[in-house]
Amino acid sequence: MLYYLFEYLETQYQVPGASLFQFQTFRAALAVLLSLILATTYGKRIILFLQKKQIGETVRDLGLDGQKQKSGTPTMGGLIIIMSTLIPVLLFADILNIYIILLIITIIWMGIIGFIDDYIKIFKKDKKGLKGRFKVMGQVGLGLFVGTVLYFHPEVTMRESTQTIITEQYTVEEVKGKDVKSTMTTVPFLKHNELDYSSLISWAGEGAKDYGWLLFIPIVILIITAVSNGANLTDGIDGLAAGSSAIIVFTLGIFAWVSGNIIFSEYLDIMYIVGAGELLVFITAFAGALIGFLWYNAFPAQVFMGDTGSLTIGGVIAVIAIIVRKELLLVILCGIFLAESVSVMMQVGYFKYTKKKLGEGKRIFLMAPLHHHYQKKGYHESKIVTRFWIVSIVLAILSIVTLKVR
């Protein structure tokens with residue numbers, strides 16, 4: 001909103017300082033400062049409100065140290081993250097930018113699904129919350145919407161690289177690349193690291209690439225569903241999901257910055273995505289909200305994010321990665337989410353297999369997800385969280401290194 005006010009003032013009256021407001025980095029700095037202030041200041045008020053309304057977590061007895069003391073801790077703290085992100089975005093971002101619109105819809109969409117799940121757990125006294133199939137339906141619905149928009153919307157384009165040619169008169173000319181629709185993505189560590197999803201169905205004959213959406217949209221659905229569930233499983237001990245997610249979001253901010261800047265994208269030989277630079281404002285606001293929330297969520301937690309927060313975080317991370325064409329890099333960048341998800345799948349799968357074959361179910365881990373396995377081994381949750389953060393930082397650095405190592 002303020003973006004358009006300053007744009008109007010600059011156009012009509014040449015107000016000093018108005019043009020400065022147009023810079024994405026300046027607006028991103030304002031966004032992160034405001035989100036931090038909102039999360040830390042008004043976050044406390046939201047926590048007190050949740051306590052007053054007795055909106056507390058009902059903790060299942062899993063035999064973990066310190067578990068019983070957490071019973072009654074306010075949940076639905078994801079509302080702090082959502083509020084602290086949306087207000088700066090609405091104030092400082094170009095809200096007509098298609099990518100900003102997609103992310104606003106994503107944070108609201110996933111926030112509603114998570115809120116319904118938390119509401120059922122707390123007020124309906126149903127520990128299972130929203131049935132799994134309804135969660136998946138919501139995630140698939142968002143993936144279908146995001147995939148369709150990214151494939152068909154005319155403003156979702158990438159620019160072909162600028163070429164330097166020498167004419168017959170021996171003069172040097174630069175041919176500016178065209179803005180084109182593309183289903184191109186980045187494959188980490190490969191020298192020619194671009195993969196066109198549409199090319200994967202080229203075997204079907206001439207014109208098959210026109211139906212690339214039949215492959216692209218299901219891939220988007222799969223990524224959004226997988227990452228949001230991964231974030232949901234990671235949210236099990238104080239500060240783990242919020243801290244790991246802040247590291248991931250900060251890294252995606254770097255990718256959005258270079259992908260949305262024609263100079264840096266050309267220097268690094270990566271795709272220039274038209275309009276993606278505006279993501280920086282949303283990402284900094286989101287990162288600030290996560291760090292501000294972590295102020296109250298660090299051990300011992302004064303509030304839990306609940307599914308309102310965890311499903312939202314995963315959905316937003318997935319959509320940002322897809323927009324900047326780094327979704328295949330999530331296997332590395334979201335390694336913590338992946339490990340947590342895989343540990344659950346391995347545990348459940350092996351238990352069912354051994355029960356069928358041996359008549360008695362056996363387990364690979366002491367408990368799943370993975371962070372509970374380490375709790376069972378006697379590690380304090382602060383040590384587990386800190387070490388998981390360290391792993392997240394290493395994975396983030398490795399992800400950034402892929403910009404040049406290929």
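Predicted model: local features only at pLDDT ≥ 70, side-chain atom pairs only at ≥ 80, totals over all residues.
## Helix α6

Let's start with α6, which covers residues 132–152. Its 21 residues reach 30 Å from the first C-alpha to the last, close to the 30 Å expected at 1.5 Å a residue.

Which residues of α6 are buried? They are K135, G138, Q139, L142, G143, V146, G147, V149, L150 and Y151. The partners that these buried residues pack against are α5 (98–123), α7 (213–234) and α11 (306–323).

## S310 in α11

Helix α11 also holds S310. Is S310 buried or exposed? With a relative accessibility of 1%, S310 counts as buried, because the cut-off for buried is under 20%.

Beyond its neighbours within four places in sequence, S310 is in contact with S228, A231, N232, D235 and M305.

## Aromatic pairs

The model has eleven aromatic pairs. One of them joins F152 and W213 in a tilted arrangement, 6.2 Å centre to centre with 50° between the planes. Since F152 lies in helix α6 and W213 in helix α7, the pair ties together parts that are 61 residues apart in sequence. F152 is partly exposed at 48% relative accessibility, and W213 is partly exposed at 31%.

Y374 and Y379 also pair: their ring centres are 5.9 Å apart and their planes stand at 80°, so this pair is edge-to-face. Y374 is partly exposed, at 29% relative accessible area, and Y379 is partly exposed at 34%.

Finally, ring pairs link F152 and W213 with Y151, Y197 and F216 into a cluster.

Notes. Residues numbered from 1 in each chain as written. Heavy atoms only, no water. Helix = DSSP H or I, 4+ residues; strand = E, 2+ residues; numbered from the N terminus. Expected span 1.5 Å × (residues − 1). Buried < 20%, exposed > 50% of the residue type's maximum accessible area, 1.4 Å probe, protein only. Contact = heavy atoms within 4.5 Å. Phe/Tyr/Trp six-rings, centres within 6.5 Å; stacked < 30°, edge-to-face > 60°.
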